Amino acid sequence: MAAGWFYVSCLALGCLGSLCILFTIYWMQYWRGGFAWDSSIFMFNWHPVLMIAGMVVFYGAASLVYRLPQAWVGPKLPWKLLHAALHLMAFTLTVLGLVAVFKFHNHENISNLYSLHSWLGITTVFLFACQWFLGFAVFLLPWAPLWLRSLLKPVHIFFGASILSLAIACVISGINEKLFFSLKNVTRPYSSLPSEAVFANSTGMLVVAFGLLVLYILLASSWKRPEPGILTDRQPLLHNRE
């Protein structure tokens, strides 16, 4: 039963994650004029797409690698590599998202890092960078002793979930900030809830739903990788396939 619910949850996550990215692309294309890489406002439009794809969707997927039943048996190194690679992809998209917004701000002589959204965002990216390098140095490279890995594992897990939570907060504040800036001098302001506001708010709710489902899977004890020597209801199924 637990295995069935796990795969249903993964299917729901795949749908939610795809919708988060597609909705953001559609919002930027339909209401904000599309995309470019020329320091214009159309370059800024890459920022929400890349940040949601990197800091939320790819980051969430990377966090769940060790919840896959296939990761419970056999050597752990391939799953460590996949975990690190997905996080590296998430970080790469995140850096590109930051480049997009900084280049636009500098081109338009707009101040950087003045809003709460930007403070929260840069803090989240900094923690993400520290988390990735810590994981690479301690858990992927073979030099770290077992006692050090045991000591840092709870810290690594805590910050993994915390960074995702912060990323969701950044997305929500960013969507709100974008709508306030974009809809303040139009005939139908944000407060009148025009179609763009409804669509963007719905995108934010999709991001929240995706993040909550990722956190639920991470915290569900029946879906955690068991300690050596402990069997669960999913492991016999895996052994029967071999």
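Trainee: What should I know before I start?

Mentor: The model is predicted, so local features need pLDDT of at least 70, side-chain atom pairs count only at pLDDT 80 or more, and totals for chains, interfaces and linings use all residues. Residues are numbered from 1 along each chain as its sequence is written, and side-chain values use heavy atoms, leaving out hydrogens and water.

Trainee: How many helices and strands does the protein chain have?

Mentor: Helices (H or I, at least four residues) and strands (E, at least two) are DSSP runs, numbered from the N terminus. Here you get 8 helices and 0 strands.

Trainee: What span should helix H6 have?

Mentor: The expected span is 1.5 Å times one less than the number of residues. Helix H6 (residues 146-182) has 37 residues, so it should span 54 Å; its end C-alpha atoms are 52 Å apart, which agrees.

Trainee: Where does H6 bend?

Mentor: A bend is the angle between axes fitted to the seven residues ending at a residue and the seven starting there. H6 bends by about 35° at Leu152, and Pro154 follows within four residues.

Trainee: Is Ser39 buried or exposed?

Mentor: Buried means under 20% relative accessible area, exposed over 50%, partly exposed in between (1.4 Å probe, protein chains only). Ser39, in the loop between helix H1 (2-30) and helix H2 (41-44), is buried at 11%. Its phi is near 70°, a positive value in a residue other than glycine.

Trainee: And is Asn109 buried or exposed?

Mentor: Asn109 counts as exposed, at 72% relative accessibility. It sits in the loop between helix H4 (77-107) and helix H5 (116-140), with a positive phi near 55°.
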